Amino acid sequence: IQNSVIKDNLTSTTHTVNFGTVTAIRPLDNIHDRSVLNAYEFSESHTGLTTHTITITLTSNATVRSIALLDCSSVNFGFNGITFKNSSGAVLNPTNEVETTRTRTINNDILKTWVYTYDPIFNVRSIEIEVLIADSTGDTMVIGAVMACEDAVQMDVKPKSFKPNYESTGNKIRTPGGQVIADRNNSYMVPAFTTTATKETDLINKYIDINYVSSTSEPVIFIPVETQGFIVYGSQKKPNSSKPVEALDSGEWKYETDFRLEEEF
């Protein structure tokens, strides 16, 4: 999942609540920060169940094929749904929705990620993200980052090729144009995998374009279906590379493509 429609196409972001008091600890604009540990963080107080709505309004119409809520609070925090609207305010109903979730612990913080993919949703002008929060007395809540993407590429991974390797953060610090490592964690994932043999036409139309859109500078999200629970948000450690493995009778070659990723925080 790649090619965010929010980054250079944003009019405003608002946070509304049906009752209770909300106080921002970190700015709401942090919800667009590619570093999930520089999250939008807020406290709120209320009795009972309250509904929070994050509304992202775009400057111009966009096509959305996926949306991710990365590393959100998991205690007293429930995701309730996403609504897409056009410039007239009419609801755009997605089709073929697929949900993938992941929960992980970083320095005792239990964080949950939701990723949704759809058939292309055209003419999206606003995105409303609704969450439910249970009884709270000044609890701190986090929405790590929101990423709505234009491209979603499906690829078949070669069996047993997925390797969730890790590296130590050490003193590594990078600019916002590269990987962002916060000091709350002591390691990060550098997974690798190889796709199954793919026809040359598919290679050109799918995998090569990933390098032009994302390469090593723009974030992508990988969801390996064969290993349920792994969701890698980050960038390519180096652009993907392909090698021919066999020729077809038609004269078209098949290629395997290697991906080397670098998780971002």
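## Surroundings of Ser 214

Leaving aside neighbours within four places in sequence, Ser 214 is in contact with Gln 2, Pro 219 and Val 220. In this predicted model, Ser 214 belongs to the loop that runs between helix 1 (200-213) and strand 15 (220-222). A polar contact of 2.7 Å links the side chain of Ser 214 to the side chain of Gln 2.

The relative accessible area of Ser 214 is 1%, so the residue is classed as buried, the cut-off being under 20%.

## The second largest pocket

The volume of the second largest pocket is about 420 Å³. Its lining comprises 19 residues, and those nearest the centre of the pocket are Ser 4, Lys 7, His 32, Glu 218 and Pro 219. Strand 1 (2-4) and strand 10 (136-151) are the elements that give two or more residues to this lining. The largest share comes from strand 10, which supplies three residues.

Sorted by class, the lining of the second largest pocket holds ten nonpolar residues, together with five charged and four polar ones.

## Surroundings of His 15

His 15 is part of strand 2 (residues 10-17). Its side chain takes part in a polar contact of 2.6 Å with the side chain of Tyr 40, and in another, of 2.8 Å, with the side chain of His 52.

With residues up to four places away in sequence not counted, His 15 touches Val 22, Leu 28, Tyr 40, Phe 42, His 52, Thr 53 and Ile 54.

Note on methods:
Residues numbered from 1 in each chain as written. Predicted model: local features only at pLDDT ≥ 70, side-chain atom pairs only at ≥ 80, totals over all residues. Heavy atoms only, no water. 1 Å grid on protein atoms, 1.4 Å probe; cavity = no way out; pocket = protein on both sides within 12 Å on 5 of 7 lines; lining within 4 Å. Points joined across faces, edges and corners; volume = space filled by probe spheres on them. Helix = DSSP H or I, 4+ residues; strand = E, 2+ residues; numbered from the N terminus. Nonpolar A, V, L, I, M, F, W, Y, C, P; charged D, E, K, R; others polar. Buried < 20%, exposed > 50% of the residue type's maximum accessible area, 1.4 Å probe, protein only. Polar contact = N/O pair within 3.5 Å; in protein donor to acceptor, adjacent residues only side chain to side chain. Contact = heavy atoms within 4.5 Å.
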